[in-house]
Amino acid sequence: MAEMGSKGVTAGKIASNVQKKLTRAQEKVLQKLGKADETKDEQFEQCVQNFNKQLSEGTRLQKDLRTYLASVKAMHEASKKLNECLQEVYEPDWPGRDEANKIAENNDLLWMDYHQKLVDQALLTMDTYLGQFPDIKSRIAKRGRKLVDYDSARHHYESLQTAKKKDEAKIAKAEEELIKAQKVFEEMNVDLQEELPSLWNSRVGFYVNTFQSIAGLEENFHKEMSKLNQNLNDVLVSLEKQHGSNTFTVKAQPSDNAPAKGNKSPSPPPDGSPAATPEIRVNHEPEPAGAATPGAALPKSPSQSSLPAVVVETFSATVNGTVESGSAAGRLDLPPGFMFKVQAQHDYTATDTDELQLKAGDVVLVIPFQNPEEQDEGWLMGVKESDWNQHKELEKCRGVFPENFTERVQ
């Protein structure tokens, strides 16, 4: 008996919620047709417009900040690879090798410290700032539904009072329901009337603090990086001074087509000069005036080498391999918290901004309510699969819908 009673209560609550939704839908239709007046609050509507603008701006800032952090990470990897290249080409017996290695270590630590401080002082603050919006957005939508309930109760009470044949019992009950609906609406309305202007004004301080933190961190990073770069330059200048006057012998390497040693001698050049393999001597000291020009071209100095091309190639590989692959790895086929899929069996016309408009056959990805207490019996939260595949944005696409209009498919 207790179980049957419990089922009866649940069934009764579902029926009550369905009736409430139908009443709201009827009231909205009458208001749109001009057959019922709608309670308006222009000041509150302006607050809602400000709220939506603030949420849009904050979401964009969060996205751009994450892109900035990904770029810092990519530059860190490119800088690290460049320093590794220098360490590999730096001969063990060259002076300053230990100093160059230490500079590379400090360079790596500086990049990591910069990235972490950006996360702590900018990104986490950004996430906390945006974390307050979903709850308020949900309460704004609920206030809208409660306003429709209030208008519906008011119109019902007024119609009973103006009826030719009055039923005092029905009038008393309607008045009781009107007072209850008005109380629920006004409690939510008063709270939002106080919170929304305060939230709107808080954006100035938030933007100032966020960009001051980023600017300060970047300025300090470049100061410290400048010192490391100067130290590395000093090491390289010292290397040049100690080895700049030395003569390095670079012998030309035989080509793949050159005859092996012991085989027939190469043919002499057309001018009849000796055909010995030339020896190239590199001397950094200036040659005396009138000296003969050597027959073989001298190799380029370090400043004329192809090192910048290597840097560009390394950076490109890092960006393509790290940033782009990281973005691809971050894509999800299903929204966060996805529970199961349902398919609409009937058309459903949304009666409020937080509801989904459904056509028979639409597939909906069901997700949990952010605040379980906001869930009405018989209603689910979800996003249409077609909208999710196109936009990948829950904030713009999710909404509530009646469970009994759908059937679970997965």
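Colleague: Before we look at Gln43, what does exposed mean here?
Modeller: Exposed means over 50% relative accessible area, and buried means under 20%. Keep in mind that this is a predicted model.

Colleague: Fine. Is Gln43 buried or exposed, then?
Modeller: Gln43 counts as exposed, because its relative accessibility is 58%.

Colleague: Which helix does Gln43 lie in?
Modeller: Gln43 belongs to helix 2, which covers residues 42-89.

Colleague: How do helix 2 and helix 5 pack?
Modeller: For helix 2 and helix 5 the angle is about 15° and the axes are 10 Å apart. That makes the two helices roughly parallel. Helix 2 passes helix 5 in a left-handed crossing.

Colleague: What classes of residue are in the contact of helix 2 with helix 5?
Modeller: That contact divides into 17 nonpolar, 6 polar and 4 charged residues.

Colleague: And helix 4, at what angle does it pack with helix 5?
Modeller: Helix 4 (residues 133-161) and helix 5 (residues 168-243) pack at about 150°, with 8 Å between their axes. An angle over 145 degrees counts as roughly antiparallel, so helix 4 is roughly antiparallel to helix 5. The crossing of helix 4 past helix 5 is left-handed.

Colleague: How many charged residues does that contact have?
Modeller: The contact of helix 4 with helix 5 has 11 charged residues, along with 18 nonpolar and 4 polar ones.

Colleague: Changing topic to the strands. How many residues of strand 5 are buried?
Modeller: 6 of the 6 are buried, so strand 5 is largely enclosed by the rest of the structure.

Colleague: Which residues point which way from strand 5?
Modeller: In a regular strand the side chains alternate between the two faces of the sheet. In strand 5, Trp379, Met381 and Val383 point one way, while Leu380, Gly382 and Lys384 point the other way.

Colleague: What does strand 5 pair with?
Modeller: Strand 4 (residues 363-367) is joined to strand 5 by 4 bridges, and the two run antiparallel. Across that pairing, Leu365 stands opposite Val383. Strand 5 (residues 379-384) also pairs with strand 6 in the antiparallel sense, over 4 bridges. There, Met381 has Val400 of strand 6 as its bridge partner.

Colleague: Which residues are buried on each side of strand 6?
Modeller: Strand 6 takes in residues 399-402 and is covered on both faces. Gly399 and Phe401 are buried on one side, and Val400 and Pro402 are buried on the other.

Colleague: Now cysteines. How many disulfides does the structure hold?
Modeller: A disulfide is a covalent bond between the sulfur atoms of two cysteines. This structure holds 0 disulfides.

Colleague: Are Cys47 and Cys397 buried or exposed?
Modeller: Cys47 is buried, because its relative accessible area is 11%. Cys397 is buried too, with 8%.

Colleague: Last one. What is phi of Lys392?
Modeller: Most residues other than glycine have a negative phi. Phi of Lys392 is near 55°, which is a positive value in a non-glycine residue.

Colleague: Where is Lys392 found?
Modeller: Lys392 is in the loop between helix 7 (385-391) and helix 8 (394-397). With a relative accessible area of 41%, Lys392 is partly exposed.

Terms used:
Residues are numbered from 1 along each chain as its sequence is written. This is a predicted model: local features need pLDDT of at least 70, side-chain atom pairs count only at pLDDT 80 or more; totals for chains, interfaces and linings use all residues. Side-chain values use heavy atoms; hydrogens and water are left out. Axes are lines fitted to C-alpha atoms, for helices over the stretch in contact, and angles run from 0 to 180 degrees between N-to-C directions. Angles under 35 degrees count as roughly parallel, over 145 as roughly antiparallel, 65 to 115 as roughly perpendicular and the rest as oblique. A crossing is left-handed if the near helix is turned anticlockwise from the far one by less than a right angle, and right-handed if clockwise. Ala, Val, Leu, Ile, Met, Phe, Trp, Tyr, Cys and Pro count as nonpolar, Asp, Glu, Lys and Arg as charged, and the others, Gly among them, as polar. Buried means under 20% relative accessible area, exposed over 50%, partly exposed in between (1.4 Å probe, protein chains only). Two strands pair if DSSP finds at least two bridges between them. A disulfide is a pair of cysteine sulfur atoms within 2.5 Å.
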